[in-house]
Amino acid sequence: KRLEELNVADTTCGYCAVGCRFDLYSDGEEILAARPTEDEDAPINGISTCVKGKFGYDFINSDDRLTAPLVRDESGQFREATWDEALSRVADGLGEIRDTHGGEALSVIASSKATNEENYLMGKFARQVLQTNSIDNCNRLCHSSTVAALGQTYGYGAASISTDDLEIADCILLTGSNTTEAHPVLATQIKQNVRDGADLLVFDPREIQMAEYASQYTQVKPGYDAVWINGITRYIIEHDLYDETFVAEQTTGFEEVQESVEEFTPDRVEKITGVSHDEIASAAEMIADADGCVFGWTLGLTEHSHGTENVIAMANLAAITGNLGKPGAGVSPFRGQNNVQGGGGDMGPLPDNFPGYQDIADDDVRAKFEDAWDCEIDPEYGYYTTQMFLEAAEDNIRGMYIIGENSALSEPGVNHAEDVLENLDFLVVQDLFVTETAKYADVVLPASSFVEKTGTFTNTDRTVQMVNKVMEPKGDSRPDWIILQELANRMGRSWDYDSTAEVMDEINSLTPIYGGVSHERVKENGGLQWPCWDMDHPGTVRLYEDEFNTDNGKVNLKGVGYSEPAETPTEEYPLTLTTGRVLYQYHTGTMTHREEGIMQYNPSDFVEINPATAAGMGISGGDPVRIESRRGETVVPAQITDRVGPENVFVPIHFTESAINRLTDEEHLDPTAATPEYKVSAVRVEPA
Ligand code: SF4
């Protein structure tokens with residue numbers, strides 16, 4: 001069919017949080033084409049979308065897409081059920097636990113793939129209907145340490161920049177971000193800027209593709225980032241390269257930082273991390289010489305038992321060099337999942353915050369939500385995702401409602417997570433497929449994908465954009481917001497939203513940073529960046545141009561030292577495992593494993609091993625290799641490459657068969673943000 005004959009909708013990508021906008025074309029059955037938007041107001045335009053945004057739609061019409069609810073029959077097998085039966089079972093199952101053990105025995109894992117409006121309703125459902133504050137989402141597994149650290153220092157736990165700043169910065173420091181593969185369109189923006197003369201500094205344990213474009217690539221030891229970052233800060237202070245005016249006028253705590261970095265002498269930094277004095281000095285000089293520097297990172301910096309400490313060190317460095325609140329400068333934690341910024345954070349499906357990061361322990365804030373939602377809300381924080389699994393093992397959590405999250409592959413220590421899921425009194429999973437997690441459920445509710453509904457996503461630079469329906473929900477699947485509304489009403493409430501636009505109007509009335517966000521305005525403006533205070537506010541392109549969102553309006557610099565990773569190599573487990581993404585796949589593969597073209601390019605897992613390490617073990621490329629940690633083992637083929645150092649191995653996170661999170665650690669969490677240490681696991685490797 002010709003494009004003009006197809007249904008078309010201008011929508012936002014459902015994969016990563018770059019938030020590419022494009023027109024999707026459908027014949028009502030399948031998505032047949034994606035074309036970049038012509039809307040000049042879209043935050044990312046003029047750059048072609050990546051392979052997933054262009055071609056990644058087979059999953060929508062996949063043969064194994066759930067088209068009806070499933071319930072377990074008496075023999076323990078799933079059978080199809082009507083919505084009426086399935087919703088009754090869920091209402092009874094969750095209601096019985098709430099009424100017998102209290103709402104605190106229930107938890108909800110919300111979905112950063114779902115829209116803002118749906119995540120708002122997930123939070124409301126947890127607090128109002130289930131009477132629990134134990135609601136969280138995948139941000140706990142990735143950037144929650146960023147949110148905590150930037151919240152403490154600057155006030156907002158989000159990127160200060162717009163993605164356009166990546167194109168005009170004089171210098172970009174990237175760490176723990178395999179940008180080409182995880183955020184391909186941002187990588188294109190950075191590469192274009194480098195071609196135009198910007199400096200690029202890459203600090204990473206793997207010699208990723210961005211290293212080819214770098215003025216300086218430094219291979220770092222996983223788990224010691226605060227050390228080299230503090231080393232750069234020390235050099236900058238020692239050589240009077242910091243921005244004295246900015247520090248004097250816009251920060252507090254400079255002396256504390258000065259004192260705390262004193263121990264990070266060049267010799268000590270080199271001894272701990274292997275990063276040389278020259279590398280520290282040249283990086284410091286490049287940052288200091290630049291008119292503007294953007295500091296970009298992803299999970300290599302955050303997924304540690306001390307991720308918050310790492311990000312505070314980075315926040316200090318950006319602040320003392322005056323790289324905040326001006327064009328081409330700022331901090332940019334590249335968010336992962338399409339709507340983890342909005343759905344995973346801004347909308348408050350969190351154990352400690354309401355929408356807009358309003359603290360549930362604050363009496364006035366809590367009273368506002370109790371009044372709006374007509375319920376009492378416990379001032380005690382609930383459990384974070386990672387804690388939910390530990391608490392469930394102790395029977396403190398007895399029932400879970402998991403929406404669009406594949407915890408049986410994504411949680412740290414999957415063997416432990418599987419035991420927990422198996423032993424819950426009641427588990428309901430809402431998803432597009434019978435995922436590895438749904439296999440443990442009592443009831444599985446079939447949800448609609450993002451092309452089958454309307455709402456908003458918020459991308460990595462805080463831009464709220466429309467998601468527009470291009471085809472009807474497959475079979476009898478339903479959008480998450482409709483399922484939640486029906487369930488809330490079965491459990492004694494009377495929700496009566498006619499559309500997600502109405503839900504957004506409730507959000508903007510309760511959430512100051514979204515105060516001026518409505519569907520109408522998002523459409524008119526091609527997107528709105530929060531904070532957007534009222535219906536006349538244009539949105540905020542760049543944070544902190546006037547002041548910081550702290551009590552004193554300044555950056556609260558904080559001295560940080562460094563902590564060892566929870567596991568360091570031993571004779572028994574001599575190597576360090578890190579994990580991450582590859583371009584063609586996405587998270588646990590629920591979407592990309594159903595893409596024929598993508599699976600041709602990248603059908604299975606691998607472990608990257610340094611040639612010297614492999615030679616010492618008699619391992620050749622393609623050989624099956626057993627990787628074992630204290631928690632589990634897996635077997636994957638070897639890929640011999642000097643991209644990784646001799647002490648490290650790397651395995652992607654995407655594959656069911658290898659389930660690399662069997663090896664990661666569920667117990668050692670960041671003390672502030674409860675982020676797990678996915679990026680450092682002590683392992684041994686041998687031919688299988
Ligand atoms: Fe989608 Fe991210 Fe690719 Fe853009 S870069 S098309 S948002 S996956």
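**View 1. Helix 12 and the elements that cover its buried residues.** Strand 8 (171–175), strand 9 (199–204), strand 10 (216–219), helix 8 (225–238), helix 11 (266–273) and strand 12 (293–297) are among the elements that cover the buried residues of helix 12, where contact requires C-beta atoms, placed from the backbone, within 7 Å of each other. Helices (H or I, at least four residues) and strands (E, at least two) are DSSP runs, numbered from the N terminus. This is a predicted model, in which local features need pLDDT of at least 70 and side-chain atom pairs count only at pLDDT 80 or more, whereas totals for chains, interfaces and linings use all residues. Residues are numbered from 1 along each chain as its sequence is written. The buried residues of helix 12 are E279, I280, A283, A284, M286, I287 and A288; a residue is buried if 20 or more other C-beta atoms, placed from the backbone, lie within 10 Å of its own. Helix 12 (residues 277–289) has 13 residues and reaches 18 Å from its first C-alpha to its last, close to the expected 18 Å, the expected span being 1.5 Å times one less than the number of residues.

**View 2. The shell around the ligand.** The ligand is surrounded by C13, Y15, C16, V18, G19, C20, T49, C50, K52, G53, P184 and V185, a residue being near the ligand if its C-beta atom, placed from the backbone, lies within 6 Å of it. Helix 1 (51–55) and helix 7 (184–195) are the elements that give two or more residues to this shell. By class, the shell holds 8 nonpolar, 3 polar and 1 charged residues, with Ala, Val, Leu, Ile, Met, Phe, Trp, Tyr, Cys and Pro counted as nonpolar, Asp, Glu, Lys and Arg as charged, and the others, Gly among them, as polar.

**View 3. Domain 1 against domain 2.** An automatic or database domain assignment supplies the bounds, which give domain 1 (3–61), domain 2 (70–141 + 339–465 + 475–512), domain 3 (144–333) and domain 4 (575–687). The centres of domain 1 and domain 2, taken over C-alpha atoms, are separated by 27 Å, and their contact takes 11 residues from domain 1 and 12 residues from domain 2. On the side of domain 1 that touches domain 2, strand 1 (7–12) and strand 2 (21–26) each supply at least two residues, and this side has 6 nonpolar, 4 polar and 1 charged residues.

**View 4. The protein as background to the close-ups.** The protein has 24 helices and 28 strands, and buried residues make up 60% of its 688 residues. Its C-alpha trace spans about 70 × 65 × 60 Å along the principal axes.

Notes
Contact = placed C-beta atoms within 7 Å. Buried ≥ 20, exposed ≤ 12 C-beta atoms within 10 Å, placed from the backbone.
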